[in-house]
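The following exercises concern a single protein chain. Each task is followed by a solution in steps.

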Amino acid sequence: MTRLTGSALRVTIFIGENDIWHHKPVYSEIVHRAHAAGLAGASVFRGVEGFGASSLIHTSRLLSLSEDLPVAIVIVDTEDRVRAFLPQLDELVGEGLVILDECEVIRYVGRDAESGNTGKKGKR
């Protein structure tokens with residue numbers, strides 16, 4: 001498991017839910033490539049409303065015709081590892097926004113694969 005504490009870099013990618021890469025959602029391709037690259041983690045968040053460079057508002061409201069909702073993919077790892085991954089985003093993100101933020105990792109703990117233990121102490 002990757003160990004991550006202290007200074008880190010967060011990359012956030014904003015794209016449309018319907019963006020496709022070789023018959024697969026772009027957000028899924030990004031997550032799988034981040035995993036294959038050994039990055040500490042990646043999460044996808046689906047927005048309920050938003051707009052970007054095209055100035056078209058995408059919303060989940062019932063009367064809206066838009067179904068291409070905004071999606072944000074967040075990846076956090078060391079600066080070197082995130083910057084090494086950026087060329088893959090250049091290949092995958094045709095329309096959207098990619099931002100980098102410095103951050104500090106306070107806690108990064110996964111589950112123990114065999115026991116399901118999250119490392120928390122206390123009553124069970």
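**Exercise 1.** Locate His-23, and determine whether His-23 is buried or exposed.

*Solution.* Step 1: His-23 is placed in the loop between E2 and E3; helices (H or I, at least four residues) and strands (E, at least two) are DSSP runs, numbered from the N terminus. Step 2: its relative accessibility is 83%, so His-23 counts as exposed, given that buried means under 20% relative accessible area, exposed over 50% and partly exposed in between (1.4 Å probe, protein chains only). Step 3: the phi of His-23 is positive, about 65°, although the residue is not a glycine. Most residues other than glycine have a negative phi. Step 4: His-22 is found in the loop between E2 and E3, has a positive phi near 50°, and counts as exposed because its relative accessibility is 64%.

The model is predicted: local features need pLDDT of at least 70, side-chain atom pairs count only at pLDDT 80 or more, and totals for chains, interfaces and linings use all residues. Residues are numbered from 1 along each chain as its sequence is written, and side-chain values use heavy atoms, with hydrogens and water left out.

**Exercise 2.** State how many helices and strands the protein chain has, and in which pattern they follow one another.

*Solution.* Step 1: there are two helices and eight strands in the protein chain. Step 2: along the sequence, the pattern reads β-β-β-α-β-β-β-β-α-β. Step 3: of the 124 residues in the protein chain, 29% are buried.

**Exercise 3.** Describe how helix H1 and helix H2 pack.

*Solution.* Step 1: helix H1 (residues 26-36) and helix H2 (residues 79-92) pack at about 160°, and their axes are 11 Å apart. Axes are lines fitted to C-alpha atoms, for helices over the stretch in contact, and angles run from 0 to 180 degrees between N-to-C directions. Step 2: H1 is therefore roughly antiparallel to H2, a term for angles over 145 degrees. Step 3: on the H1 side, Val-26, Glu-29, Ile-30, Arg-33 and Ala-34 meet Phe-85, Gln-88, Leu-89, Glu-91 and Leu-92 of H2, where contact means heavy atoms within 4.5 Å. Step 4: Gln-88 and Arg-33 are 55 residues apart in sequence, with 8.1 Å between them in space, C-alpha to C-alpha. Step 5: Gln-88 counts as partly exposed because its relative accessibility is 26%.

**Exercise 4.** Which residues of H1 are buried, and what covers them?

*Solution.* Step 1: the buried residues in H1 are Val-26, Ser-28, Glu-29, Ile-30, Arg-33 and Ala-34. Step 2: their cover includes E1, E2, strand E3 (24-25), strand E4 (42-46), E7 and H2. Step 3: H1 is followed by Gly-38, which has a positive phi near 80°.

Notes. Angles under 35 degrees count as roughly parallel, over 145 as roughly antiparallel, 65 to 115 as roughly perpendicular and the rest as oblique.
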